[in-house]
Amino acid sequence: MLAISNLVTEFDSVKALDGISFQAKPGLITTVIGANGAGKSTLLRTISGLEKPSSGSIKWQDQELTSMSVESIVRSGIAQVPEGHAVISQLSVAENIELGGLFRRRSFRGDLAVATKEVYELFPILYERRNEAAGSLSGGERQMLAISRALVSRPKLLLLDEPSLGLAPMISAQIISIVNNLCRATGLTVLLVEQNANTALAVADHGILLALGKVVADLPAKELSADSSLRAAYLGY
Amino acid sequence: MSKGIKPVRLKYTVIGRRSTLLSIALFILFILLSNQFDAYNQSQLANIATLLIAVFSITLLTGASGQISLGQGAIMAVGGYGSALLVTRLGLSMWLAFILAIFISALFGLFLGLAAARLSGPYLAGTTLVMALAIPSIAVRFESFFSGDVGLSVDYGVPPTWLSNLVGEISIEQWSLYVVLPFTAIALFAVLNLSNTRTGRTWRAVRDNEVSAALSGINIARTKVIVFVCASGLAGLAGALYGFRGLVAPSVYPTDLSLTLLTAAVIGGLRSIGGAIFGTFVIVFLPDIIEKITANIEIPETIGNYLPSLTIGILLLLTVILNPRGAAGALEHARHRRKH
Amino acid sequence: MTSFLTAFFSGTAQGAIYALVSLGLVLVWRGAGVVNFAQMGQAMFTTYIASQMIQNNYSYWTAFVVALICGAALGALVDLGLMRPLTSRKNSKLLNSQSMRTTIPVIASLGILGVLKSLAGIFWAGEERGFPSPVAPNAIKIGETNLAITGFDLFVIGAVFITLVLTTIFFTKTGMGLAMRASALNPEVTRLSGIKVGSVRTLGWAISGTASSLAGLLVTPRTNLSPNTLDLLLIVGFTAAVVGGLSSLMGSVLGGFILGYVISFVNVYSAPENVFIAILVFLLLALFIRPQGILGSKEVRRV
Amino acid sequence: MNLRKPLILTVVASALVGSLAISSVSASAAGDPGVSASEIVLGMQLPQTGAASPGYNKVDDAARAYFDYVNSKGGVYGRNIKLVVKDDTYKAGLTITSASKLINEDKIFAFFGSVGTQTHVSVIKDINRRKIPDLFVNSGYSGFYTDPKKYPTSFGGLGTYTVEAKILGKYLKEKYSDKKIGILYQSDDFGRNALAGFAAAGLKFEAKKTAASFVAGTQGSLGLGTQIGQLKANGVEIVIIAAVSSATAVAYATAGALAYKPAKWAVISVGADATTFQTILGAKGVPLATSAAMLAGTISASHAPAAGDAEDDFVKAFKKINDDFNKATGAGKVWDNNIMQGMNIAYLATQALMGVGKDLTRAKLISYLENNGSKLSSAAFAPLGYSKSTHEAFTGFWLGEYDAATVLKPLDGKRVVYTTDSGTGAVTVSNYKRPAIAADALPKVA
C-alpha cells in the first residue's frame with residue numbers, strides 16, 4: 001500500500017504539489033489525471049525520489065520514502081517509467097532491459113533470466129530487435145522497452161508517467177491493456193499518470209484528480225468518469 | 001557593442017556617475033595606501049593595480065559571461081609584446097603603446113573569440129590552456145623579431161621632472177604606481193559600466209542559460225565574441241603594463257600566470273568587482289604574509305619554499321567547497337543572514 | 001625513409017601514452033561532466049610514490065602495482081572528497097548557471113593540481129629524478145638493422161593495448177560497464193533502474209586515475225620525473241580527447257595516436273620548437289573542421 | 001557583479017590593515033644599505049622550486065654554508081655575511097617582485113650569485129640603474145658582462161657559454177677534422193649561445209642533419225628519440241651536448257636505447273655534472289658502474305677542478321665546509337658541481353669584500369673589482385676577466401675527459417687552460433697559475 005499525506009514539493013518556492021494526500025491500494029490501478037501543470041509528473045518524480053519534497057510523507061509498505069535515495073526506492077520495489085518513453089537510445093534494446101535488472105544480478109541471477117524472458121514474451125517485437133540500438137525503435141516500441149526495463153526489476157509498484165503521450169491511439173490502447181492484464185494477473189500495484197483521462201479511467205480502479213498541485217477529487221474510477229461537472233471544470237471536456 | 005548600449009543611454013549616465021566616483025575612489029585609496037608603504041610595498045601595490053586589470057578581464061569573461069579562459073596570461077603576452085615592440089622598434093611613447101596594446105590584443109581577442117564562440121566549458125578551457133603554452137614558444141620560434149628567451153627590455157622610465165617638482169622626490173616604485181593607476185581606474189570604470197548596462201545583462205543571460213538567452217533574441221555567438229574582445233583588450237593592457245615592469249619575455253608570461261589570475265578571481269568571487277580587488281590583494285600579498293609568519297618558525301627549507309603555492313591551492317579548494325562565489329559571495333551571504 | 005620510419009614508430013609509442021591520458025580524461029568527462037585538469041598531477045604523485053618505493057628497494061612490479069592502486073584511490077578520493085559534493089550542490093546560486101556548472105569543477109581540479117604539485121615538492125624536494133623501465137630499453141633488431149623502436153616502446157604499446165582491450169571488455173561485457181555507460185548517457189534513467197550513479201561515477205574516476213597513473217609510469221622512463229614533467233602530457237592528452245570527440249572512448253584513443261604522429265612528424269620533419277605551435281594549430285583546425293571530433297556525436301557535444 | 005560601497009570599503013580597509021602589518025619601514029643609517037658594523041647583507045635570486053629548480057636549488061645552500069664558515073671565523077672585518085635568498089621559480093615576473101623586496105625590505109648591500117639568464121635579464125637594468133653591485137651572476141650569457149657601460153655593476157660568476165663553446169669547438173674541430181660532428185642543444189638562450197660560440201670556432205651545424213634540439217624544460221618528453229635518431233641516421237660520430245645535466249642523462253639513455261654509440265660525446269660544462277648524471281640514471285635502474293662507464297670518455301670543459309677530484313685542495317676544503325656547515329638535507333647537500341660553484345663564488349665574494357677594506361661602499365666594491373678583480377683567485381684554474389672594459393668572469397677553460405670513476409681528468413694527462421674572449425678573439429693557452437688555498441680555507445688579500 002502506498003500512502004501519501006500532505007506532500008509538498010516546491011520549485012524555487014513555487015509549490016508544484018501543495019499538500020497532497022491519497023492512497024493507492026495494492027493490486028489495483030490508481031490513475032492520476034489532471035490538466036497540464038497540475039503536478040502529475042512532479043508527484044511521480046517525488047515518489048520515486050527524483051524530487052525531494054519540502055514536507056509531507058510517502059509511506060510504502062511501512063517505509064518512509066521521503067528520506068530515501070532514488071536507488072533505494074527502486075530497490076524497495078518501486079519502478080518508474082518516466083515521461084517520454086525514456087530509454088537510453090545509444091544502448092541496444094537488450095542492454096536497456098539488462099540495465100533494469102542490473103541491481104538484482106547478484107542475489108537473483110536465476111530469476112533475472114526468467115524476468116527477461118517474460119518481458120520478451122510480453123513484447124515479442126523487442127526480442128526480434130534486441131540487438132538494435134534503442135534509438136532506432138518506433139515511439140510505441142520505445143514505450144514498450146521503457147516498461148520492460150521497469151518490469152525486469154520485478155517491481156511491486158509501477159509508476160507510469162504518461163505512457164500514451166505522442167503515441168497513436170491504437171498503440172497506446174494496446175500498451176495500456178497489456179499493463180492492465182499484467183496488474184490483474186500478477187497483483188502488481190500501478191500508479192498511472194495520464195492526461196488522456198478517458199483511456200486511463202477506463203482501466204483504472206481508482207482515480208485521483210489533480211489541479212494546481214491539490215487533490216480535487218479522490219473517487220473510484222467509475223464515479224470520477226461519470227462526474228461530468230468535475231470533468232468540465234478540470235479536464236475541459 | 002554600440003548597438004547593445006544605445007537603448008539604455010538614459011540609465012547609462014546615471015551609472016556612469018556612480019562608476020566614475022568609485023573609480024576615482026579606488027585611485028585615491030591606492031595613492032593614500034602607497035603613502036603608508038615602503039618602496040617594496042609600493043611596487044607590490046603597482047603590481048596589484050596591474051594584475052587587477054587582468055583579473056577584471058576574467059571577471060568579465062568568466063564571471064559575467066561564463067566563458068572560462070586558462071590563457072589570459074597569453075593574451076597579456078600579446079599586449080606586452082605589442083607595446084614593447086612599438087616602443088623598442090618604432091620608438092613610440094610608452095603611453096601611446098599602452099593604448100595601442102589594448103587594440104592589438106582586442107583584435108587578437110576577436111580572432112580568438114570567433115573560435116571561442118563555437119566552444120563552451122571545458123573545450124574553451126583546454127584550448128586557451130594550449131594557447132597559453134604555445135604563444136610564448138612563438139616568441140622563441142621567431143627569435144629575430146621577438147628576441148627569444150632574453151626578451152625585450154622595457155621599463156616605465158624615470159618620473160618626469162615636472163612631477164617631481166610638483167610633489168617632491170618620487171621613487172621608481174612610486175612612479176610605476178603612478179603610471180599604472182590611471183589605467184586601473186579607467187579599467188574599473190569600463191568594467192563597472194559594461195556590467196551594469198544592458199550589455200552586461202545580455203552577457204549574464206548567456207552565462208546562465210544559452211538556450212533561453214537565444215530564445216529571447218540574443219545572438220549568442222556575437223555576444224560571446226564581444227565579451228572576448230573586451231576581456232582581451234583589458235588583459236592586453238594589463239600585459240603591457242606588466243611587461244614594462246622590466247621585461248617582455250616568455251618567462252614573464254608563463255602558464256602559471258593565467259592560473260594565478262584565475263585563482264585571484266575565484267578567491268575574491270568570480271562575479272564581484274570588489275571580490276576581484278580582494279583576490280588580487282590576496283595573491284600578491286599572501287607570499288609576503290606567509291614569509292612574515294614563518295620567519296620566526298624553524299621549518300625545513302623545502303616546506304617553506306612550497307608553502308605559498310600550497311596555501312594558494314588550498315585556498316582555491318576551500319573557496320570552491322565552502323562558497324564558489326568567493327569572498328564576495330561569503331560576505332553577501334553573511335550580510336544576508338544578519339538581516340534575517 | 002629512415003626518418004619516416006623513425007617518426008612512425010616513435011609516434012606510435014608516444015601516441016599510445018597520449019591515448020591513455022586521453023582515455024582517462026574522457027572517462028571522467030563522460031561520467032561526471034568534468035574535465036579533470038588534475039589528472040596528470042595525480043599521475044605525477046603516484047609515479048613519485050612508485051619511485052620512492054623502488055628507492056626503498058621494493059621491486060619494480062610491486063611499485064608498479066601500488067602506483068596503479070594509488071592512482072585508483074586518488075581518483076576516487078578526488079571524486080568523493082570534492083567533485084561529488086561540488087556537483088551535487090543545488091542550493092548555490094552560482095551553480096544554477098549553466099556555464100558555471102562546468103567552470104567550477106575545472107577550477108577545483110586546478111586547485112587539486114596546485115596542491116598535489118606543492119605536496120610532491122615538499123615530500124620529494126622537487127628533485128628531478130630518473131625512473132626505471134621494466135624492460136631493457138634496447139633497440140629491436142631485424143637481422144643487422146636496428147629498428148627505430150625499442151623493447152621499452154613495445155612494452156608501452158603492449159601495456160596500452162592490454163589496457164584498451166580490458167577497458168573494452170569491461171564496458172561491453174560486464175554489468176558494471178553497462179551501468180557506467182548508462183550513467184554517462186542518461187543518469188536519470190540509470191538511477192531509476194536502481195543503479196547508484198554516484199558510486200558508478202566514483203568508479204569512473206578510479207579507472208581514470210589508474211589509466212593516467214599507468215601513463216605516468218610509462219612516460220617517465222623516457223624523460224625524468226619532477227613535479228612539472230607531466231603537465232605537457234595533460235595538454236597533449238586533452239587535445240587528443242577533443243580531436244577524438246571528448247565523448248567517445250574509441251575516439252579518444254584514436255585521437256591519442258593521431259597526436260602521437262603529429263608530434264613525432266613535426267619533431268622529425270620540422271623542429272621540436274614548433275611542437276607547441278603545431279599542437280595549437282592542430283587543435284584549432286580540429287575544432288573548426290570537425291567540432292564534434294572524429295568519433296564524437298553531435299548531440300553530446302554542446303557547441 | 002554588483003559592487004556595493006561597503007564591500008569595496010571592506011576590501012580596501014582590510015588591505016590597509018594587512019599591508020600595514022607587513023610593511024616594515026626602517027630608517028636607513030648613513031652610507032649604503034646592507035652594511036653595518038656587524039653585518040653585510042647579500043641577496044640571491046634563484047629557482048628553488050618549479051621546473052627549472054633541480055640542481056640549481058643547491059647553489060644557495062652551498063654559498064650560505066661558506067659564508068657561515070667565514071662568519072664562524074670572525075666574518076669580514078668583524079662583519080658577518082648574511083645571505084637572503086628569494087625563490088623566483090624561474091619566472092621573470094617574480095624575479096622583478098623579489099628584487100624589489102631584496103632592495104627595499106631586506107636592504108641588501110649587493111646582489112650575489114643570481115641564477116638564470118631569462119630571469120636575471122628582467123632585473124639587471126634596474127639593479128644597475130640603482131648602482132647596486134650585482135656580483136657573480138650564475139649565467140654564462142655574455143650579454144650581461146661584455147659592455148660595462150651598459151651594466152656597470154654586474155659581474156659574471158661563470159665563464160660565458162660563448163668562451164666555453166669557442167674553446168671546446170676549436171679543440172673538436174682540430175682533433176676530429178675527419179669525423180662528422182653534430183650537436184644536441186636545448187632550444188633556449190643557453191643552447192643558442194653555445195651554437196653561436198661553436199660557429200665562432202668554425203663549427204657550423206645543419207638542422208635535421210647534424211643539429212638536433214629539444215624544448216628546454218621538457219627533458220625530451222616530447223620525443224628526444226626522434227632527434228637523436230636523426231643524428232644517428234646521418235652518421236654523426238661526435239655528438240656535442242649543450243643541455244642541462246638532467247637532460248644529458250636522458251640523452252645518453254635515449255642514445256643507448258637506440259643502439260647509437262657515437263665515437264665521442266662532448267658535453268658543455270653546465271650539462272656535465274657527474275653526480276646528477278649518475279643519480280638520474282641510477283633511478284632509471286642503471287647501476288652506478290654502468291652509468292660511470294657510459295660517461296667515461298666524454299669530453300667536457302671546466303674552469304674549476306672537477307667536483308670528483310678528491311686530490312684538489314680547494315675541493316677538499318670546500319667539501320669539508322659543506323659537510324660541516326651546509327644546512328640543507330638529503331639530496332640538497334650531496335657534493336657536486338652546483339655546490340662547488342656556490343662555494344666558489346662565496347669564496348670570491350668574501351675575497352672581494354676583504355679587498356675593499358673596512359670602509360665598505362657599493363662604489364668602492366665595484367671599483368675594486370674593476371681594478372683588482374683580475375687578481376682575485378678562486379678554485380678556478382682560469383683567470384678572472386674583470387676589468388674596466390669587461391665584467392666577464394672566468395676567461396678560460398681546461399678540457400678533460402671523464403675517467404672510469406666519473407672524474408674529469410685533463411686530456412692527455414696534462415691540464416692545459418685555454419683562454420679567449422666572448423667576441424672574435426683567438427683561443428690561446430693561458431699561463432695562469434692558480435694560487436693555493438690557505439690552510440684555513442679563507443681567501444687572502446694582499
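What follows is a conversation about the chains, domains, helices and strands of a predicted model.

Reader: Staying with chain D, how is it divided into domains?

Author: Domain 1 of chain D takes in 39-159 + 309-394, while domain 2 of chain D is 162-302. Taken over C-alpha atoms, the centres of these two domains of chain D are separated by 28 Å.

Reader: How many residues of these domains are in contact, and which elements of domain 1 give two or more of them?

Author: In chain D, 14 residues of domain 1 are in contact with twelve residues of domain 2. On the domain 1 side, α4 (117-120) and α13 (337-356) of chain D are the elements that give two or more residues, and the residues of that side divide into five nonpolar, eight polar and one charged.

Reader: Switching to chain A, what are its domains, and what separates their centres?

Author: Chain A is divided into domain 1, with residues 1-77 + 157-237, and domain 2, with residues 88-154; their centres, taken over C-alpha atoms, are separated by 24 Å. Nine residues of domain 1 of chain A are in contact with eight residues of domain 2 of chain A.

Reader: Which helices supply at least two residues of the domain 1 side there?

Author: Those are α2 (70-75) and α7 (169-186) of chain A, and the largest share, three residues, comes from α7(A). By class, this side of domain 1 of chain A has seven nonpolar, one polar and one charged residues.

Reader: What is the strand order in the open sheet of chain A, and why is one side of β6 and of β10 left without a neighbour?

Author: The open sheet has six strands in the order β6-β7-β8-β3-β9-β10 (chain A), with mixed pairing. Because β6 (78-81) and β10 (214-220) of chain A stand at the edges, each with a single partner strand, one side of each has no neighbour in the sheet. From one strand to the next, the twist averages 15°.

Reader: In which sense do β7 and β8 of chain A pair, and what packs on the sheet?

Author: Strand β7 (residues 157-161) of chain A pairs with strand β8 (residues 189-194) of chain A in the parallel sense over five bridges, and the bridge partner of Leu160(A) in β8(A) is Leu192(A). Helix α6 (residues 139-151) of chain A packs on the sheet and touches β6 and β7 of chain A, its direction making about 170° with that of β6(A).

Reader: Last topic, chain C: at what angle do α2 and α9 pack?

Author: Helix α2 (residues 39-55) of chain C and helix α9 (residues 197-219) of chain C pack at an angle of about 60°, with their axes 8 Å apart, which makes α2(C) oblique to α9(C). The crossing of α2(C) past α9(C) is right-handed.

Reader: Which residues make that contact?

Author: Among them are Met40(C), Ala43(C) and Thr47(C) of α2(C), and Ser208(C), Ser212(C) and Leu217(C) of α9(C). By class, the contact of α2(C) with α9(C) has six nonpolar, nine polar and no charged residues.

How values were computed
Residues numbered from 1 in each chain as written. Chains lettered and ligands numbered in written order. Predicted model: local features only at pLDDT ≥ 70, side-chain atom pairs only at ≥ 80, totals over all residues. Domains from an automatic or database assignment. Contact = placed C-beta atoms within 7 Å. Helix = DSSP H or I, 4+ residues; strand = E, 2+ residues; numbered from the N terminus. Nonpolar A, V, L, I, M, F, W, Y, C, P; charged D, E, K, R; others polar. Axes fitted to C-alpha atoms, helices over the stretch in contact; angles between N-to-C directions. Parallel < 35°, antiparallel > 145°, perpendicular 65-115°, else oblique. Left-handed = near helix turned anticlockwise from the far one by under 90°. Pairing = 2+ DSSP bridges.
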